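Hi,

Here is the structure I promised to pass on. Have a look at it first, and then read on for my notes.

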Amino acid sequence: MNDRDSENIAAQFIERGWEITDDENQADVAVVNTCSVREQAEQKAIGKLGHLIWLRKPFGKDFPVVGVTGCMAQNKGENLVKLLPDIDFVAGARQTYKVADIAIDIYNKRKNGITHPPIPKGGKRTPKTSAAFVDVSDDTRSHLYINKHLPILGTKRACAFISIMQGCQMNCSYCIVPKVRGAQRSRPTQDIVDEAKKLAAEGVREITLLGQVVNAFGRELGKTDGITEFVRLLRAINDIDGIERIRFTSPHPAYFGDDLVSSYADLPKLCEYVHLPLQSGSDEILKKMRRPYKTANFLKIVEKLRNAKPNISISTDVIVGYPDETDDDFSQTRAAFKTADFDMAFIFKYSPRMGTESAKLPDSVPEEVKEQRNQILLADLAEQSMRYHDKFVGTTQEILVEAPAKRGENLFMGRTRTHRKAIFKATPKDIATLVNVKIESATVTALEGKIVR
């Protein structure tokens, strides 16, 4: 979602006649888009902001104009200005669509010698010693503008993100997202379909729908003939000429109904991959996490998905070491992890996040125990991933070519429909096309092969 927000911000500047530079030393405006899910992400962002401010200090420069947006901006607000009083603006997570106008206004006034520009409507200046503009208000219409600017920046691309909603209503005990992203609000379905059509016309072949609880999209509308609005959206995008693949992330088990499960069998463009966060295999821990399902319900969804699409790839999120997690709780998580046979996973050691309900609890699981449990699950994951990848060796897979690989001459990367990364020789003209690749070898993280022309 932050990637998509950053594309949106970049497009705002381009529409106003600005150019994007890869060299921050040449920038007249520098915007840091931030995440607050983990403390480490915030610390990195603060360090980057400090460096950008430093760029102008040794030479008495007025530029770059330095601003911060996104979740950390929302979370820290005025406190961020107190920490970095030379920052120029703080725009919260629901203000990203205003960033270019805020930054350019400050830039223009500073060029004209106005160091304390008038406060833009809706914002305020704080503290008194700073000229920073701060707006972390809850803009109730911001979800209508999150994709106002298409992410086509003059380069050929195979894939694109579409944010279909903002916010979250789940209030999991460990998660700060509802605080920084606000209440859930869905975009109009037709607006999303129109955007997908425009992207298809630009050559995009794969769409990923984004939402904090993406399958809760349009829940306020209820069902029509037993079909949720999210599934109706999937069907509409499936009918768009030019779009070859559809993905979405991240769904919540609580909103994974039979109509969505059936979509994997019924919609040919919906890829055989789903990211389905488990978090814990212990019902007791799930209850403490405020996850409104039991492990048996979760595994039933997995079973239905595999029945609908036997070759489906299922990834997950797991937190180990949540407060009061016992050895038995962890054993239940490990058992569920193996039963679901996840082939990809993000495994995290619990750490308290200020502003969340769980941060009020004692962090009772020792760090060495968290690390041990983390390593055990990572080893299980490596075994399951390798077993899954080995099935591809000797087969021919349809790959959407995305970009040059990070290493290797004439090597490119793309993904199977099941979201496995594949590396193979290709040419730039192959980007955004579907090719057949004979898989010759596999590692835990990727497949390797050659195009069958």
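This is a predicted model: local features need pLDDT of at least 70, side-chain atom pairs count only at pLDDT 80 or more; totals for chains, interfaces and linings use all residues.

Let's start inside. The largest nonpolar core has 52 residues, and the members that touch the most others are Ile164, Leu209, Phe248 and Leu305. There is also another core lying apart from it, with 19 residues, including Leu49 and Val134.

Setting aside neighbours within four places in sequence, its contacts include Ile162, Ile164, Phe230, Leu234 and Phe248. Leu209 is also the bridge partner, in β9, of Ile162. The strands behind that are β6 (residues 159-163) and β9 (residues 206-210), which run parallel and are joined by 5 bridges. As for β6, 4 of its 5 residues are buried.

Next, have a look at the open sheet of 3 strands, ordered β13-β14-β15 with parallel pairing. From one strand to the next, the twist averages 10°. β13 and β14 (residues 313-320) are held by 3 bridges, and Val274 sits opposite Ile314 of β14. Helix α13 (residues 367-390) packs on this sheet, where it touches β14 and β15, and its direction makes about 175° with that of β15.

Now the rings: a search of the whole structure turns up 10 aromatic pairs.

- Phe248 is in strand β12 (residues 245-249) and Tyr264 in helix α9 (residues 258-266), 16 residues apart. Phe248 is buried at 4% relative accessibility, and Tyr264 is buried at 0%.
- Phe298 and Phe342: this pair is edge-to-face, with 6.1 Å centre to centre and 65° between the planes. Phe298 belongs to helix α11 (residues 295-308) and Phe342 to the loop between α12 (327-340) and β15, so the pair ties together parts 44 residues apart in sequence. Phe298 is buried, with a relative accessible area of 0%, and Phe342 is buried with 0% as well.

Elsewhere, ring pairs link Phe13, Trp18, Phe63 and Tyr107 into a cluster.

Cheers

Notes
Residues are numbered from 1 along each chain as its sequence is written. Side-chain values use heavy atoms; hydrogens and water are left out. A nonpolar core is a set of buried Ala, Val, Leu, Ile, Met, Phe, Trp, Tyr and Cys residues joined through side-chain atoms within 4.5 Å. Buried means under 20% relative accessible area, exposed over 50%, partly exposed in between (1.4 Å probe, protein chains only). Contact means heavy atoms within 4.5 Å. Two strands pair if DSSP finds at least two bridges between them. Helices (H or I, at least four residues) and strands (E, at least two) are DSSP runs, numbered from the N terminus. Axes are lines fitted to C-alpha atoms, for helices over the stretch in contact, and angles run from 0 to 180 degrees between N-to-C directions. Rings of Phe, Tyr and Trp (its six-membered ring) pair if their centres lie within 6.5 Å; planes under 30 degrees apart count as stacked, over 60 as edge-to-face and the rest as tilted.
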